[in-house]
Amino acid sequence: MNLRRDVFQAVADPTRRAILALLATQSLTAGAIAANFETARPTVSKHLLILTECGLLKSKQDGREIYYQLNPRKMKPIADFIEPFRLLWEQRFDKLEQIMKQYKK
Amino acid sequence: MELKTKILAEENKQEIVITRDFELPVELLYKAYVEPEIVEQWMGTKVVKMECIKHGSYHFVTTDPMGNQHHFSGTIHDCETNVRIIRTFEMEQTPFAPQLEYLEFIPVDASNSQLRMQIVFKSVEMRNNLLKMPFAAGLNMAHNRLEQVSLK
């Protein structure tokens, strides 16, 4: 797996997170995405490029228009990044519970 | 299945909330946090000092497989038996700033309880870095395993 850009860096930016949220339920053209932001169109294009480069977005040509859509496979590591931290605590707490159950007897 | 341990990390907030349901009376859950011999067992650390009273402090020393010692310590701001502990937590000699921890021990019924742990960090960035640590460690381990395989 060769990520040209780090996905976490990609989602660190609020505009890029907003773009991902916008595309959660629909595919949109660059123009339609830019219409949701006050920032200049080239800035939105740059964000789209970064998101595409790290694989979070896929683009699809449809006639003269390019539609952007989420790549859910690449979104998964972000949703899961907190999971190792949670598991660390889960293991500690499981141990605590196990020790104290014996203590009770 | 409902997860026993939940982590709430809201975006752009410099805190997290960890909650966990225990099949233990609240008294035993609290005991596991203040009795040094018990803390040693479930935290996997040596407890050098544990003085769970107002103005008290604690100090843990953990030795990693390489033989390096890591010191963890903090001061106790409030300690009410079977109800709450308010304390700081610091990983000494690391770039992580001390954090503030609010631990609430909540009885559910005679044999069940819940722990609610609110941790406040110095900044949003520091919180996110700490959350990513086990994730990064996991990636490194996977990477090292790949390297070991490729060396054969």
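E125(B) sits in helix α3 of chain B, the stretch that covers residues 124-151. In this predicted model, is E125(B) buried or exposed? The neighbour count settles the matter: E125(B) has 11 C-beta neighbours inside 10 Å, so E125(B) counts as exposed. E125(B) and N12(B) are 113 residues apart in sequence, yet their C-alpha atoms are 8.7 Å apart in space.

Next comes the sheet of chain B. Eight strands make up an open sheet, and going across it the order is β1-β2-β8-β7-β6-β5-β4-β3, with antiparallel pairing. Which strands are at the edges? They are β1 (5-8) and β3 of chain B, each of which pairs on one side only. From one strand to the next, the twist averages 20 degrees.

Strand β3 (residues 46-50) and strand β4 (residues 57-63) of chain B pair in the antiparallel sense, with four bridges between them. Together β3(B) and β4(B) form a hairpin, and six residues lie between the two strands. One of the turn residues, H55(B), has a positive phi of about 70 degrees. Within this pairing, M50(B) has Y58(B) in β4(B) as its bridge partner. Y58(B) in turn is bridged to G74(B) in β5(B). Strand β5 of chain B spans residues 69-80, and seven bridges join it to β4(B), again with the two strands running antiparallel.

Helices pack on this sheet too. Helix α2 (residues 36-43) of chain B touches β3 and β4 of chain B, and its direction makes about 145 degrees with that of β3(B).

Now for chain A, which has six helices and three strands. Starting at the N terminus, its elements run α-α-β-α-α-β-β-α-α. Chain A has 105 residues, and 19% of them count as buried. Taking the contacts in chain A with a separation of 6 or more, 55% come from residues 24 or more positions apart.

How do two of these helices meet? In chain A, the axes of helix α2 (residues 14-22) and helix α4 (residues 41-53) come within 10 Å and cross at roughly 70 degrees. Angles of 65 to 115 degrees count as roughly perpendicular, so α2(A) is roughly perpendicular to α4(A). On the α2(A) side the meeting residues are T15(A), R16(A) and I19(A), while α4(A) brings H47(A), I50(A) and L51(A). By class, the residues of this contact between α2(A) and α4(A) are three nonpolar, two polar and one charged.

The two chains also touch each other: 18 residues of chain A are in contact with 20 residues of chain B. On the chain A side of that contact, there are eleven nonpolar and seven charged residues, and no polar ones.

Finally, a word on confidence. Chain A has a mean pLDDT of 82, and 85% of its residues reach 70 or more. Within chain A, confidence is highest in strand β1 (residues 28-29), at 92, and lowest in helix α5 (residues 72-80), at a mean of 68.

Definitions and conventions
Residues are numbered from 1 along each chain as its sequence is written. Chains are lettered from A and ligands numbered from 1 in the order in which they are written. This is a predicted model: local features need pLDDT of at least 70, side-chain atom pairs count only at pLDDT 80 or more; totals for chains, interfaces and linings use all residues. Axes are lines fitted to C-alpha atoms, for helices over the stretch in contact, and angles run from 0 to 180 degrees between N-to-C directions. Angles under 35 degrees count as roughly parallel, over 145 as roughly antiparallel, 65 to 115 as roughly perpendicular and the rest as oblique. Two residues are in contact if their C-beta atoms, placed from the backbone, lie within 7 Å. Ala, Val, Leu, Ile, Met, Phe, Trp, Tyr, Cys and Pro count as nonpolar, Asp, Glu, Lys and Arg as charged, and the others, Gly among them, as polar. A residue is buried if 20 or more other C-beta atoms lie within 10 Å of its own, exposed if 12 or fewer, and partly exposed in between; C-beta atoms are placed from the backbone. Two strands pair if DSSP finds at least two bridges between them. pLDDT is the predictor's confidence in each residue, from 0 to 100.
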